[in-house]
There are 2 protein chains.
Amino acid sequence: MINLLKNKKISKTPFRKEVLAIFNKYNNAIPLSVVEKELKAFNRITLYRTIKVFLEKGIIHEITINGEVSNYAICKEECDTLGHHHQHIHFKCTSCGIIFCVEVDKFPTIILPKYKINQLEIQAIGLCQNCNL
Amino acid sequence: MINLLKNKKISKTPFRKEVLAIFNKYNNAIPLSVVEKELKAFNRITLYRTIKVFLEKGIIHEITINGEVSNYAICKEECDTLGHHHQHIHFKCTSCGIIFCVEVDKFPTIILPKYKINQLEIQAIGLCQNCNL
DNA sequence: TTTAAAATGCAACAATGTTGCAAATAATTT
DNA sequence: AAATTATTTGCAACATTGTTGCATTTTAAA
């Protein structure tokens with residue numbers, strides 16, 4: 001939805017609408033290089049700033065696995081300026097390289113005595129449905 | 001142990017010994033900036049190459065949380081050229097910023113039908129023992 | 001429609017990471 | 001222990017990635 005921009009109280013510009021449409025088009029997470037290629041009128045600086053705003057507003061979230069180049073995906077849950085609230089894991093296929101979010105029935109809990117855990121980031125690496133045939 | 005370099009079959013040089021000693025000195029993960037400051041004779045290029053070799057040989061592992069600058073820590077388990085085999089989680093304290101590895105009693109398992117999960121990376125974000133007092 | 005606020009894009013810069021190659025050092029062989 | 005081979009180091013140069021100030025343009029609000 002393009003109204004997302006209105007809901008998040010950020011200016012609705014052609015550039016942002018285009019970037020948002022690209023993220024919506026993909027069902028998986030994508031790196032900036034893919035966004036670049038999809039953009040009709042691409043500008044590095046504006047893209048960096050757009051990504052930063054989208055991250056801050058909880059429109060997209062960043063996925064970085066083992067220090068590799070970051071991928072970005074639309075937030076499905078109610079994320080906002082105050083933080084991201086995801087209950088999904090990130091899966092990376094070592095065969096086709098795809099990265100995406102997966103909902104799991106029972107999201108793990110970890111208890112560390114004397115610590116306070118506010119957020120759990122879980123990344124699974126393996127073979128996706130297609131590559132595991 | 002400095003013999004680690006011999007065991008991993010890589011040349012034992014003063015630079016590598018120094019970098020290894022720095023990692024051993026810290027009980028937590030550290031970014032390259034800290035390694036730099038600790039090094040007597042620092043050279044950016046050699047450091048990058050040393051880190052790369054240490055990663056490949058399974059001497060250290062990389063921790064990247066939410067696209068922030070990577071931190072590095074000694075591998076405690078049997079990691080080698082064929083891969084890293086960790087059964088610990090990575091904890092980041094939002095108060096003091098420290099990042100370190102934590103052993104957990106029961107490392108979570110995630111089952112995704114039709115997928116094959118080879119590795120699970122778990123990052124917990126919250127307050128560490130000191131900051132949670 | 002006018003005004004105020006915000007976004008864009010250029011130029012310039014800063015930080016991070018890489019590569020070829022010659023010199024230096026470490027490991028191996030004799 | 002000395003000579004040979006293999007590897008590492010560090011310089012120069014470059015490539016990539018990300019940031020900032022500022023004037024112009026565009027969006028949102030009055």
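Tutor: In this predicted model, the side chain of A:Y48 places an N or O atom 2.9 Å from a phosphate oxygen of DNA strand D, a polar contact in the sense of a pair of N or O atoms within 3.5 Å. Since the model is a prediction, local features need pLDDT of at least 70 and side-chain atom pairs count only at pLDDT 80 or more, while totals for chains, interfaces and linings use all residues. Side-chain values rest on heavy atoms, without hydrogens and water; residues are numbered from 1 along each chain as its sequence is written, with chains lettered from A and ligands numbered from 1 in the order in which they are written.

Altogether 16 residues surround DNA strand D, the closest being A:K12, A:R44, A:Y48, B:T13 and B:R49, where a residue is near the strand if one of its heavy atoms lies within 4 Å of it. Of the atoms of DNA strand D that come within 4 Å of the protein, 60% belong to sugar and phosphate. By class, this surface has 5 nonpolar, 5 polar and 6 charged residues, with Ala, Val, Leu, Ile, Met, Phe, Trp, Tyr, Cys and Pro counted as nonpolar, Asp, Glu, Lys and Arg as charged, and the others, Gly among them, as polar. Helix 4 (44-56) of chain A gives the largest share, 5 residues, and helix 2 and helix 4 of chain B each supply at least two residues; helices (H or I, at least four residues) and strands (E, at least two) are DSSP runs, numbered from the N terminus.

Behind this surface, in chain B, is an open sheet of 3 strands in the order 1-3-2, with antiparallel pairing, two strands being paired if DSSP finds at least two bridges between them. Strand 1 (30-31) and strand 2 (60-63) of chain B stand at the edges with a single partner strand each, so one side of each has no neighbour in the sheet. Helix 2 (residues 14-25) of chain B packs on the sheet, touching strand 1, strand 2 and strand 3 of chain B, where contact means heavy atoms within 4.5 Å.

Definitions and conventions. Axes fitted to C-alpha atoms, helices over the stretch in contact; angles between N-to-C directions. Polar contact = N/O pair within 3.5 Å; in protein donor to acceptor, adjacent residues only side chain to side chain.
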